[in-house]
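This briefing walks through one structural model for a reader who works with coordinates.

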Amino acid sequence: MKNMGPGAVVTAAVVGPGTVTTCGLAGFNYGFALAWALLFSVIAMAIIQRMTGKIGLVAGMGLAEAIRKSFMNSPWRIPLTVLIIIALFCGNCAYQAGNVVGASTGVSIIFGDNRLIYCLVISAAALALVLSGSIKYISNVLTGIVFLMAVVFLITAIVVQPDVGALLRGMVTPTIPEGSMLTAIALIGTTLVPYCIYLHASTNASKKAADPAMDVDDVLVDNTYDSVCNAILTAIISVSIMVVGCSLALRGSSVSAVNDLAQGLEPLAGTWASYVFAVGIFAAGISSATTAPLATTYVITGILGWSTDLKDTKFRIIAVVVFAIGCIAAIMGGTPTDIITIAQAFNGVVLPLSVCMVAWIATRSEILGKYMNGAVLNVLSVVVLIITLVMAYRTFVVYAPQIVAMFTA
């Protein structure tokens, strides 16, 4: 627990309302047939975190800073900078609205609907955490929230008494039932989130800045354990939500949104179970509502060469802007569908691009010295890159027509 932190920040970012909805609907529609996609995604997440951790702890810089340094004299520097900033800023503002709405949904299940008040309070609380200016304090709070999510979602999964044998078979036997391809991609995409790649490197760089004399070999060992432990927690949380969705399907319940997952538990396991699940939804929302603006700010300041100190004025202004846009969008009606569609398309490009940047920078001796990737990590990163390229293609097949329709309607 003492040595955990940056990995927990990423887990807090990964497990948001979108993850709860995607995993719940995957279990509801396809049972445990797509559990393998979750297993693959958390393994891929640990592999990527191993590399981003090295960039932050050895080089003392975030991924965005490393990209800027590597492309300083390249003609690709400006187009790459513009693409990353637009994609991450637009996408995370939209996701921030969804995070705030998701957290308020969890509260409303217990205390009744009052979207305006809930959105304002949740946004203010998450903003206060970021403006605390201490990455260690943020990491500690988010580590607690991650463990809270793991406990509450696991409790609800145990209560519904899943078929453990079927779950294990689904995790080790890759199958794609008819019509489930996009759901499988969504399960991977909701875990391998582009901004989390930048967030992990930057939080480790902040850790390095706070203790420049740290023993690099020691902290890299901690980073490995941190990444693996948090990947396991992510798997526990995601699989538990899938279990709940599957159980509701077996009972003939109707599930189309995140609140249906909690409310559907009431006839199955009593009111207390729905309330426990609602607490998990709230925790998922507020944790992601903290990390999405934080990651956006790290990316923009890092790639532009500005200070990535959480107490820097420019850093705080960018964070406040993302919080404000997300909160306003949440109050006015939740996550705007059109913005989300465009953001998903941008992220479809940014994910393989970001994985490619991580893999490339991790092989550069002038940045990592003797800690650059070995053969095993290089092979694993290529496998992850190929999968993300397939996901990018499928994402555009789905979202490109929708985007064209927006501007031609």
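A residue is called buried when its relative accessible area is under 20%, exposed when that area is over 50%, and partly exposed in between. Ser202, at 5% relative accessibility, is therefore counted as buried. The model discussed here is a predicted one, and the values below are computed from it.

**The chain as a whole**

- The secondary structure of the chain consists of 18 helices and zero strands, and of its 409 residues 56% are buried.
- When contacts between residues at least 6 apart in sequence are considered, 85% of them join residues that are at least 24 apart.
- The accessible surface of the chain amounts to about 16200 Å², and carbon and sulfur atoms account for 67% of that area.

**Packing of H6 against H15**

- Helix H6, which spans residues 115-131, packs with helix H15, residues 313-331, at an angle of about 165 degrees, and the two axes are 10 Å apart.
- Because angles over 145 degrees count as roughly antiparallel, H6 is roughly antiparallel to H15, and the crossing of the two helices is right-handed.
- On the H6 side the contact involves Arg115, Leu116, Cys119, Leu120, Ser123, Ala126, Leu127, Val130 and Leu131, while H15 contributes Arg316, Ala319, Val320, Phe323, Cys327, Ala330 and Ile331.
- Sorted by class, the residues in this contact between H6 and H15 are 13 nonpolar, one polar and two charged.

**Packing of H4 against H10**

- The axes of helix H4, residues 63-70, and helix H10 come within 7 Å of each other and cross at roughly 90 degrees.
- An angle of 65 to 115 degrees counts as roughly perpendicular, and H4 and H10 are therefore described as roughly perpendicular to each other.
- Leu63, Ala64 and Ile67 of H4 make this contact with Ile197, Tyr198 and Ala201 of H10, and by class the residues divide into six nonpolar, no polar and no charged.

- Ser202 has its place in helix H10, residues 194-210, and, with neighbours within four places in sequence left aside, Ser202 is in contact with Gly62 and Tyr298.
- Leu129 is found in helix H6, where its relative accessibility of 10% means that it counts as buried.
- Residues up to four places away in sequence not being counted, Leu129 touches Tyr137, Ile138, Val141, Leu142 and Thr290.
- The C-alpha atoms of Leu129 and Thr291 are separated by 9.9 Å, although the two residues are 162 residues apart along the chain.
- Thr105 lies in helix H5, residues 77-111, and is buried, with a relative accessible area of 16%.
- The contacts of Thr105, again without residues up to four places away in sequence, are with Val258 and Asn259.

- Ile387 is placed in helix H18, residues 375-408, and its relative accessibility of 29% is the reason why Ile387 counts as partly exposed.
- Ile387 and Ala44 are 343 residues apart in sequence, yet their C-alpha atoms are 9.9 Å apart in space.

Note on methods
Residues are numbered from 1 along each chain as its sequence is written. This is a predicted model: local features need pLDDT of at least 70, side-chain atom pairs count only at pLDDT 80 or more; totals for chains, interfaces and linings use all residues. Side-chain values use heavy atoms; hydrogens and water are left out. Axes are lines fitted to C-alpha atoms, for helices over the stretch in contact, and angles run from 0 to 180 degrees between N-to-C directions. Helices (H or I, at least four residues) and strands (E, at least two) are DSSP runs, numbered from the N terminus. Angles under 35 degrees count as roughly parallel, over 145 as roughly antiparallel, 65 to 115 as roughly perpendicular and the rest as oblique. A crossing is left-handed if the near helix is turned anticlockwise from the far one by less than a right angle, and right-handed if clockwise. Contact means heavy atoms within 4.5 Å. Ala, Val, Leu, Ile, Met, Phe, Trp, Tyr, Cys and Pro count as nonpolar, Asp, Glu, Lys and Arg as charged, and the others, Gly among them, as polar. Buried means under 20% relative accessible area, exposed over 50%, partly exposed in between (1.4 Å probe, protein chains only). Accessible areas come from the Shrake-Rupley method with a 1.4 Å probe; for residues, only the protein chains shown count as cover.
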